[in-house]
Amino acid sequence: MRNLICLMATLFASALPLATVQAAPVQPVPATRTANATAATMLGASWAQERLVAVGDHGTVLLSDDKGHSFHQAAAVPLSTPLTGVSFIDARQGWAVGHWGAILASTDGGDSWQLQRLSSAEDRPLFAVHFFNPRQGVAVGLWSQVLTTDDGGLNWSEQKLQAPPGASRADLNLMGLFANHQGRLYATAERGQVLRSDDQGKHWRYLDSGYAGTLWTGAVLADGSLLVGGQRGTLLHGSADGLSWKRVPLKSKSSVTGIAVAGQQVVVVGLDGLMVSSSDGGLNFQEQQSAEGVSLTAALLNGNGSPILFSRRGVVSMQGQEEGTIHPSE
């Protein structure tokens with residue numbers, strides 16, 4: 001499991017191990033406020049209406065009230081372990097997940113957090129969280145772990161997944177969550193699988209993308225179609241039902257780690273400074289790469305369509321050179 005912790009800290013740079021390590025129960029230690037918090041490895045970001053909330057290593061939570069121009073660190077975070085995903089439903093209510101199966105909740109826009117769940121005897125990380133409303137939410141993570149709540153996170157229930165086609169057990173790592181406006185939820189996973197739930201995470205079906213590697217992240221485009229990304233420069237454009245997929249050709253072989261969508265604007269980020277963008281809802285993409293090559297982990301789009309980027313070195317400003325236009329149908 002130590003390898004997995006290193007993996008999350010180095011932005012999904014290698015395949016996930018599947019070995020169980022039992023450890024002494026972890027004792028929650030609050031995150032430390034530091035002067036260089038904006039340089040911490042960041043792994044997830046979300047809008048809390050006008051406020052930006054980003055989470056990362058050492059329990060770091062960064063907040064911005066000016067569209068990412070400046071950041072300050074959250075005042076009270078009860079854990080100093082890596083936080084990997086965050087989801088807000090409005091300006092005040094949000095949840096974050098991370099290592100040791102941790103789930104944190106905030107009712108003040110991310111300024112302070114309360115611990116809702118901690119699996120202290122075994123580090124079985126959660127990688128993503130999504131809430132549909134103040135009561136119903138889903139968190140996913142290591143070895144097909146799916147947790148659901150119907151009371152705002154006061155209680156979490158583990159949902160048993162059936163084995164994927166051709167397998168004897170459900171043991172895929174579930175890496176990302178994203179949903180459409182109708183409440184259909186998708187999870188990206190290993191072995192090219194995308195899972196779909198139509199009942200807030202209680203039941204799932206497997207959607208085979210045709211790719212054999214890990215899919216780290218995904219999003220729903222403006223027309224309802226799907227975009228998922230993963231290892232070795234893999235970017236796949238899927239139908240709204242997830243039953244058909246086509247590859248978006250990229251020159252880069254750097255892994256895709258984050259996708260953000262705001263109307264017709266789309267930005268895809270990845271390791272080694274990879275950034276791919278579209279201004280027509282994903283019909284065409286332009287591929288870029290930063291000169292510094294810093295590995296990007298997450299992205300958001302502000303009100304004017306400009307990307308706000310996060311990386312293993314914290315919040316970054318990225319300039320890239322256009323590499324040409326990419327057509328998904330090519």
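A salt bridge is a side-chain nitrogen of Lys or Arg within 4 Å of a carboxyl oxygen of Asp or Glu. Keep that rule handy for this tour. What you have open is a predicted model, where local features need pLDDT of at least 70, side-chain atom pairs count only at pLDDT 80 or more, and totals for chains, interfaces and linings use all residues. Residues are numbered from 1 along each chain as its sequence is written, and side-chain values use heavy atoms, with hydrogens and water left out.

**Stop 1: salt bridges**

Select Arg191 and Asp171. Their side chains meet in a salt bridge at 3.1 Å, N to O. Arg191 sits in the loop between β14 (185-189) and β15 (193-197), while Asp171 sits in the loop between β12 and β13 (174-179), so this pair links parts of the chain 20 residues apart. (Strands are DSSP runs of E, at least two residues long, and they are numbered from the N terminus.)

Is Asp171 buried or exposed? It counts as buried, at 13% relative accessibility, whereas Arg191 counts as partly exposed at 39%. Here buried means under 20% relative accessible area, exposed means over 50%, and partly exposed is in between (1.4 Å probe, protein chains only).

Now pick Glu158 and Arg124, another salt bridge, with the closest N and O atoms 3.4 Å apart. Glu158 is in strand β12 (residues 157-158) and Arg124 is in the loop between β8 and β9 (126-131), 34 residues apart. Glu158 is partly exposed at 47%, but Arg124 is buried at 18%.

Next, click on Arg196 and Asp198, a salt bridge of 3.2 Å between the closest N and O atoms. Arg196 is buried at 10%, and Asp198 is partly exposed at 47%. Then select Arg51, Asp65 and Asp111 together: they are linked in a network of salt bridges. The count for the structure comes to nine salt bridges.

**Stop 2: aromatic rings**

How many aromatic pairs does the structure hold? Five. Rings of Phe, Tyr and Trp (its six-membered ring) pair if their centres lie within 6.5 Å; planes under 30 degrees apart count as stacked, over 60 as edge-to-face and the rest as tilted.

Select Phe88 and Trp113. Their ring centres are 5.9 Å apart and their planes are at 85°, so the pair is edge-to-face. Phe88 lies in strand β5 (residues 83-88) and Trp113 in the loop between β7 (103-106) and β8 (114-117), so the pair ties together parts 25 residues apart in sequence. Phe88 is buried at 10%, and Trp113 is buried at 5%.

For a stacked pair, go to Phe178 and Tyr186: 5.3 Å centre to centre, with 20° between the planes. Phe178 is buried at 6%, and Tyr186 is buried at 0%. Then highlight Trp95, Phe131 and Trp156, which form one aromatic cluster.

**Stop 3**

Switch to a cartoon view and find the open sheet of three strands in the order β25-β26-β27, with antiparallel pairing. (Two strands pair if DSSP finds at least two bridges between them.) The edge strands are β25 (296-301) and β27 (314-316), each pairing on one side only. Strand β26 (residues 307-311) pairs with β27 over three bridges. Zoom in on Phe310: its bridge partner in β27 is Val315.

Finally, visit the open sheet of four strands, ordered β17-β18-β19-β20 and also paired antiparallel. Its edge strands are β17 (215-220) and β20 (245-247). Five bridges join β18 (residues 226-230) to β19 (residues 234-238). Which residue in β19 is the bridge partner of Gly230? Select Thr234 to see it.
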